[in-house]
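Please look over the sequence and the fold shown below before reading on.

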Amino acid sequence: MDPGSAARAPRGAPTLVALALFAGLACVLLWPALTSGERLGGKDWNAFLGQAAAEASTLLDAGEFPAWNPWRRGGQVSFAQPESMLLTPVTPLVLWLGAPLAFKALLVPLFVACGMGLFALARDLGLRGGAALLPGVVFLAASPLCFYVNGGLPNWLFGMASLPWLLLASRRASRSNGWLLFGAALFAHILFAGSVHHFVFFPLVLACEATARALRERSVRPLLASGALGLVGVALSLVRLVPLLELFSEFPRRLDASGRFMPLELMARSLLLPHPEEAVDRLHVSVQGGSVLYWVDCGAFVGPLVLLLAIVALFAAWRRAWPFVAIAVAFAWLAAGSSVQPSLWDALHRLPVYASMQAPERFMGYVVFALALLAGFGGERLLGWITRDGTRGARSAAALLLLAVGAPLVWFDAPIARGAFPIEPPADVAPTTWRGPGRPHPRPSFEQARFPDLAEQWGGPLHEAVLRNRGNVTGQSDVPSLPAARAKGDLGYRGEAYLENGRGTVEARFTPNRIAVSATLEADDTLLINQTFFPGWHETASGRACEPRHGLIALPLAAGTHALELELEFAPRSLPAGALLTFASLLGLLGFAIGRRRERQAEAAAAAEAAARAAGIAPEAAPRRHLIHALLVHRPARPRFRSELLAVALQALLVGGVLAWYVTRAPGGASPPLVPWRESALAVAPADGPQGLQAVLDQAPVGAVVRLAAGDYEAATIRRGVTLVADPLGGARVRDLVVEGVAAGERVATIGVVFGSDAAALPDPDAPPQQRGTLTLRDCAGSIVLQGIGLKDELDLAAGLPPRTRIERCPQVLLFDLPLGATELVDGTLHAARVRFGEWYASEPGLVATRSTAVLNDSSCERMTLRDGATVRDFERRLTRARRELALDVDATSSYRELGDDRCSLHLTRTYGDGRAALLVLRGPPGAKGTLVVARDVELKPLQGKNLGQLRAGKLDGRQILFPFELSASGEQRITPPPAGDDARPGDGWFFQAFVADERDGAGLLWSALDGGLLTPP
């Protein structure tokens, strides 16, 4: 029999002792955070404080339901945000105390609730005395909970505080319907607390433990009860789950997490040794075996003594301990990620929903949870050996054991909370709280803005943005939407509401969910709102849905005068549906409760009547009741579990319908299939002869990828949309290239190909120009993207010896990281980034533009001539290699503006220092973020839904190195990779990506480097 089957909930003195112990332990561990006053948190606290403040401001200042958050990342959904805690005790505390104090006020209760849950679970498992207290002491004082406080993960704290109670409810659900309903409500509350990760992984813990009990009891009842608990919990959470499913069907969050793994040696180090000291005050990054790990995710210090007690439980209490041994092993296997084969993480990550998860090292928290319970079993056996008579010295021995286990953990882990709240609160801002001096009315008019980045925060201040009523256009968000809104002062900013073609005037008044607009139009035009488009915005008067335009909210308007109101109705599409389904689930549970009450009354009446007849006493005549009462109450007793089955069946229908809707729901967009180019590319080599490349180009279908082996190619003409990719080892050169007649809708791209001939030495800039190849683009209605070697040294790049270039009647040309000779642009539009025009042709103009527009970013030019209305924008004045100023020749019909150094490109340079150690210098726009990946085989995966066109690296082999980067104010970051070994060799594939704003259309470009070349989305 289950040892805990007869155990009762802890009461009396043991409960008070446990409560006092865990409260004191929580205060000691959290003291640095509790005494931080109203200081703000860094890391992920930034997102949670900003989200809570946005919800409070929407409720208090606008009197609206928090459906939309205009202060975050140019506009985002609010209630549908994964980390929203609107339907939890967080919201009333934020409204009373403000966001920083509200979260700090919850820390101790969450720690105590977690400890008491482990105490109650341990008692249910049959542990008594000090052994029942030991799991709570271990888990509270171990590293995971402390690092969740440090890293700003209150949703993980809510989840881990609920886990022991949820496991206890699952154990008792087969014997008590009350515990089943409590567990279901708690499971739903996990999702309300923003803990999506726990919501999808806790069922694995419950299933593992229920399977163990089913095997022990030789009954399926534990599995059925646990499954019913989870099913009812999902049904109760539909008010939260349906908006989340709708959101991620529009913006799929499919993360390739094969590059995140935890080597076994680091796992052992994390469990046995304290964290590095630098992990306390900053987000420490550990590069181990090719994976980037954060201590807030993988910190799991429990010490050797806890592991020793777990080993004692393994051998001395196997019958009771083995389910938690299985949980520890399973989640350690998951935490190892791709570092072990077969990989349980890779298998699980292929399933729906789980594919959106990342950071498998976070499973170390589950491992510590199981080890804490195993330590309880081991401590019980150890105390039994010490006090053989069961009474003498038992309390002293238990106290010594708790002190020996807890003291080292508290000593090393108590300082962790010191790094949680390091930022002083902003001054002179309106509080989002009922208390305090009050909020000024009216608040400042809403505007999108940029906030200075802080090293302790990600995405800039999100809390301060709400308080100042300023939108943070670069704010952090887990919703993978491209930021399209522009901040006031940015290039191209035209206001918070404006007409696309300027054919009239417009005024707007903003609240979070509504935008009241007054517009007078001289002709038909399109109203643009400077906020990121999400499905759900529409005009309330006519019901017309808004549409995306350059990633912004847009609404076509006819000529005339308009007084209209735009209202975000993301909630009416999903929130009311989810609320209705949750209400239906509650009705089913109410019917279940009424049915169970009638059954108990009927069973009690039947038992009383049988007892009376057995005693020879005639039963009293039942009083006359009206018909309705007789029908509702005095029905014959029905078989047991009928109401339970009906209630669970209703929940199953609700959940099944929602899942079927989600699975069959068509995403908002679908990206074209991307065939791995290594396998599909048409291979060409110089050995194929002078006509080899041309023959392949003439026979290749539209969209084909042609892979050029290293070497020199004389000439080629491209007449259809194909892509030339240089071999990863580089060195593919085409002397003369012609691109002509490419049809609309097709794209020609070259990646890593050098144009012009090779030379043994750099040319003399003062020498007469020499013919070194030609590059001709003419009569192309499609787009042309030519991108050079972004991963070579500056000297190597210059040695490409650029060709003369002519671009004629081509409206869509993008040049990136190319050295070009004398360039002539006629009747076209050119966008160039990091391009050198005529740098080695001192006696000739670098760029001659006739009846054209050129947008030059971070480029250099020897001379420039503009004729017949040509326009150049965003040109950066730079000295050439010959140290001459730009010579500009502008005729009367042309225009030229210098708008400063607004770079929109990323560039990576690799140099070698002493000992041939590689130094990587990444340059680009200040604040640009992304990830640099060094790997042998990089395959790009397209994203779907509203993120159509974005690419992500996938199918890495586990030996890659990841370098997260965020460029400084100078637009530069230096990275030193490992100096030797198999991890990084010249010629490996390199990949980096980051969103970079683009002046042309406001939507931006996602620059990606592949195998030393560069890609942009279609």
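Asn 469 is found in the loop between helix 20 (463–467) and strand 6 (470–472), where helices (H or I, at least four residues) and strands (E, at least two) are DSSP runs numbered from the N terminus. The phi of Asn 469 is near 55 degrees, a positive value in a residue other than glycine. Asn 469 counts as buried because its relative accessibility is 9%; buried means under 20% relative accessible area, exposed over 50%, and partly exposed in between, with a 1.4 Å probe and protein chains only.

This is a predicted model, in which local features need pLDDT of at least 70 and side-chain atom pairs count only at pLDDT 80 or more, while totals for chains, interfaces and linings use all residues. Residues are numbered from 1 along each chain as its sequence is written, and side-chain values use heavy atoms, with hydrogens and water left out.

A positive phi also occurs at Asp 868, which is not a glycine and has a value of about 55 degrees. Asp 868 lies in the loop between strand 33 (863–867) and strand 34 (871–873), and with 43% relative accessibility it counts as partly exposed. Most residues other than glycine have a negative phi, and most peptide bonds are trans. A cis peptide bond, with omega about 0 degrees, joins Gln 341 and Pro 342, and Pro 342 has its place in the loop between helix 16 (318–335) and helix 17 (344–348).

Turning to helix packing, helix 3 (residues 90–97) and helix 4 (residues 99–124) pack at an angle of about 130 degrees, with their axes 7 Å apart; axes are lines fitted to C-alpha atoms, for helices over the stretch in contact, and angles run from 0 to 180 degrees between N-to-C directions. Helix 3 and helix 4 are therefore oblique to each other, since angles under 35 degrees count as roughly parallel, over 145 as roughly antiparallel, 65 to 115 as roughly perpendicular and the rest as oblique. Val 90, Leu 93, Val 94 and Leu 97 of helix 3 make the contact with Ala 99, Leu 101, Ala 102, Phe 103, Ala 105 and Leu 106 of helix 4, contact meaning heavy atoms within 4.5 Å.

For the chain as a whole, there are 26 helices and 46 strands, and 56% of the 1018 residues count as buried. Among contacts between residues at least 6 apart in sequence, 70% join residues at least 24 apart.
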